[in-house]
Amino acid sequence: MIRERFHNLGLRFALRSLRKLVTPRKSGAVLLSDERQQGNVALVWALDQDGDQLSEGLVEQLKKLNSFETVIVVCPPRYFAKLRSMDHFFETLPDQADIVRSGISRDWDLYLRRRVSRIRSTWAPDFEFTIGPSPEDYLNAFIDEALTRPAAQT
Amino acid sequence: MDLDVLYLADLRFPGGSTTSLKYDIRACKQAGLKAGIIPLSSPLFARNQILNASLIEEIHSTGTVIVPITERPRAKVALLYHPSLLDAQVPCRTKFDADTFYLVVHQTTRDRRGRPNFQTERWSDLAVDWFGHRLKLLPVSNIVRKDLELNGLSHALHDSDWTNLIDPTDFPKKRSRVPNSQLVIGRHSRPSFDKWPSPPVALACYPASPKFTFRMMGASQPYLDQFETIPGNWQILPFSKLPVASFLQTLDVYSYFHSDSLIEAFGYCVLEALACGLPCVVPQYLEDIFGDACFYAEPEQASHVYDRLWSSCSMMEKASEKAVSYVEGTFGLDQFKHKFDLACDTSNVSRPTVPKRDETSARPVIMAVTSNGVGLGHLSRQLAIAEAIGPTVKTVFFSMSEAIEIARSIGYLAEFRPFSRRLELDTETWNAYFFQELLDALNFYKPSLVLFDGSVPYAGFLGAVEAYGKCPRVWIRRGLWRTDRPQSSSLDGHFDAVFEPGELCHAADPGFAGNDPERIARVHPVLLSPPDKQLGKEEARQELKLPKEATLCLVQLGSEANFDMTLARQVLLEFLDREPDAIAVEVRSPLHLDDRTDFHERLLSRKIFPLGRFLKAFDYAICAAGYNTFHENIATSLPTLFIPNNNPEMDLQELRADYGARAGWNLSCSADDPYGIGEKLQLLHDPERRKLMTLACSQNNDCWNGAHQIARQLRVLAQLPASLTEKN
């Protein structure tokens, strides 16, 4: 009985030290659970995907990231169900056509740049990948075009 | 936007102030003048006090404008329509220009015991600093005028009163009483204590007597509990049990006495009684308002007046005629033009005329926030409401639903944020994240209204809308909660309105979501595809590429994310084997991935959202009993076997399904009863049986307008521009 108690005590100490070892190392990564913070995180920007299915390029990229514990894909929301079935996470940005159609005139450039920045900080990826344009190039291109186009209606 | 009269008013008052506004806007229209309203919120009420339905109806029927948030109207006369609204706690989000601006004083500044009702010392500063006009007061009666003079506000008084009006045609004259019959004496008023005399006074003015019955509408239970015994000749009715005019028709005499602390500013209840031709017995001080139209008495003398009236039919008749003619001559709607002209009088203009400005900005933005949910219920209701509000506003969806593509594909701007559950985050961390995300979006989109549909408003949501603070927020939450969640329902007070979409089985709802009709606005069921938007059978089948002639069974067993429908699916396949003429059509949203393994040559699959428009394609259905499916199928009179998902995190689907089955609208069976499912599918396959169910469903006609009912109230609450497609 006494031996068993000592054994348990020893285990408890061992576990406590393990917990110390696994202290979160990505303090800004608020969307990562403690467990996920221990693994590799990949953020994939796939902003200009079109069509009903994931592009070959994206599928290939995701295959390469098989060993990552957490993969987040930033893409149009029609791919969410597919990505969910692959156990990936996802984010999205309003696309150019949606913004023009909405007729909402605001400082989209600032808003979307802040949003991109927060996606990066809240997931704190170890690696970033882009399929198509980088978020910066994507935003530059479409903000320029959105601003030169008349809004659908105001 | 040019108006003759602009009312800055709280549309939630339950009593005389609102009734007088109702008749003011009617009279204004009859006088050929144009009225507009900017809704404000008086600190006298809980934040989520419901709008006064009768007033909303009048606004709608008279075409009175709710000034859109994006407009800056100009008016000849602007009326801040209650003294509680000239208060530092009351924001006014709409700017306006007015030739004259008045505070209409509906209440004395102090009660009978000298206690102040308002902070009158702040009125002048607030009028100048916030409304840009010198303080000018329009009392509703000579009683209020005297009170204002006594309290040092003579300098701000206008020469004329803004007298309350009434439309006598709404108050049919009471028929003569049978001689020597028992006299029915009555009164009505809000249940607040000050409207009722203390027990000793009440027993004096409403005494036990075989000659009289006292019928009282609005006495509260706490008030009545003060009495040791209630006299046997008292009849008590709850406030608003009957429409006022109907209640008054049941009386012979009206008698109104109140607590000794109250000074009635006007006594609108007495005006309503006089309009019906009821002889009225009231305190002496009301003579200032009602002249010789009433009998005046102290409470202890009141029974002498009743005696005289009881014994003299001619006295009753004479009093009745005098009452009606006094009301018509003094308070009829035709008096409006006169009081308006006096208020327009340029010698009383409170500020020099300002140059006309025509400021109109872009369409306002609404932000529809939805929780993730297991299915598409939250998102579907928000979409239904957004569609009902129409294109005069820009609706942005801000959702945790992974099916947000559905809103985007319909044409809405849609944002997504991941929810805590799948991320396996603790609630506190996720709420802190969501707070930042939503606040940034609110500051960016600058919405005029935030709608939330979900069972629990997250702390991050509440914190962000509070921090933004520039618009009303509204909670849409369906009923049929499975358990009491006081921590959820207690959050009502964070919202400016709480709407409960109608449930056909409301009568069996245990009521855990709350039952207070003053705080929760109940509307018809909210449907994304109401019956009048549905395609006919042939057209729907053609669009879905389904056989023209076959007997088609719709299959919609929900997302199955948190509930196992395997048994129901197996039974369905066996049923298809048994019935060679039956074809089943499983319908999923276009976002759903094909992951099922149950194949059958007569089990077809279609992907479509929303399905409602196509429901007439089907002869019968087997479905989960979620809110939207249940109500859409019954609205379509589609005979359905409902298999409730009774996962503990869901609403009481089994109650909904069983209630409908008992009413004859549908069949119901538990998901773990293969025998029952088989038998009931067989019943549905019988055309005669289906006819009976269709007939039973069709009894629920004309109650599918919930989305438009909510939209209409949101237009008032958030001052949204009217939609051309607005429905009653």
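**Reading a predicted model: confidence and fold**

Q: How do you know what confidence the predictor gives residues 150-154 of chain A?
A: pLDDT stays under 50 over residues 150-154 of chain A. This is a predicted model, and pLDDT runs from 0 to 100. For this stretch the model has eleven contacts beyond four places in sequence. Where pLDDT is low, the predicted coordinates should not be read in detail.

Q: Which other stretch of chain A has pLDDT under 50, and how many contacts beyond four places in sequence does the model have for it?
A: Residues 6-24 of chain A. The model has three such contacts for them.

Q: Where in chain A is confidence lowest, and where is it highest?
A: Helix α1 (residues 2-21) of chain A is lowest, with a mean of 43. Strand β2 (residues 70-74) of chain A is highest, at 97. Chain A as a whole has a mean pLDDT of 81. In chain A, 76% of residues reach 70 or more.

Q: How do you know whether the radius of gyration of chain B agrees with that of a compact globule?
A: Set the value against the rule. For 728 residues, the rule gives a radius near 27 Å. Chain B has 30 Å, so the two agree. Along the principal axes, the C-alpha atoms of chain B fill a box of roughly 85 × 65 × 45 Å.

Q: What share of the residues in chain B is buried?
A: Buried residues make up 51% of the 728. To count as buried, a residue needs 20 or more other C-beta atoms within 10 Å of its own.

Q: Why is strand β14 (residues 394-399) of chain B called largely enclosed?
A: Six of its six residues are buried, so the rest of the structure largely encloses β14(B). In a regular strand, side chains alternate between the two faces of the sheet. Check both faces here. Lys394(B), Val396(B) and Phe398(B) are buried on one side. Thr395(B), Phe397(B) and Ser399(B) are buried on the other.

Q: What makes strand β13 (residues 365-370) of chain B a partner of β14(B)?
A: Pairing needs at least two bridges. Six join β13(B) to β14(B), and the strands run parallel. Ile366(B) stands opposite Thr395(B) in β14(B).

Q: What makes strand β15 (residues 413-416) of chain B a partner of β14(B)?
A: The cut-off is at least two bridges, and four join β14(B) to β15(B). These strands also run parallel. Val396(B) stands opposite Leu413(B) in β15(B).

Q: Which unit do β14(B), helix α14 (residues 405-410) of chain B and β15(B) make?
A: A right-handed β-α-β unit. With the strands pointing away from the viewer, a right-handed path over the helix runs clockwise.

Note on methods: Residues numbered from 1 in each chain as written. Chains lettered and ligands numbered in written order. Predicted model: local features only at pLDDT ≥ 70, side-chain atom pairs only at ≥ 80, totals over all residues. Buried ≥ 20, exposed ≤ 12 C-beta atoms within 10 Å, placed from the backbone. Helix = DSSP H or I, 4+ residues; strand = E, 2+ residues; numbered from the N terminus. Rg over C-alpha atoms; globule rule 2.2 N^0.38 Å. Contact = placed C-beta atoms within 7 Å.
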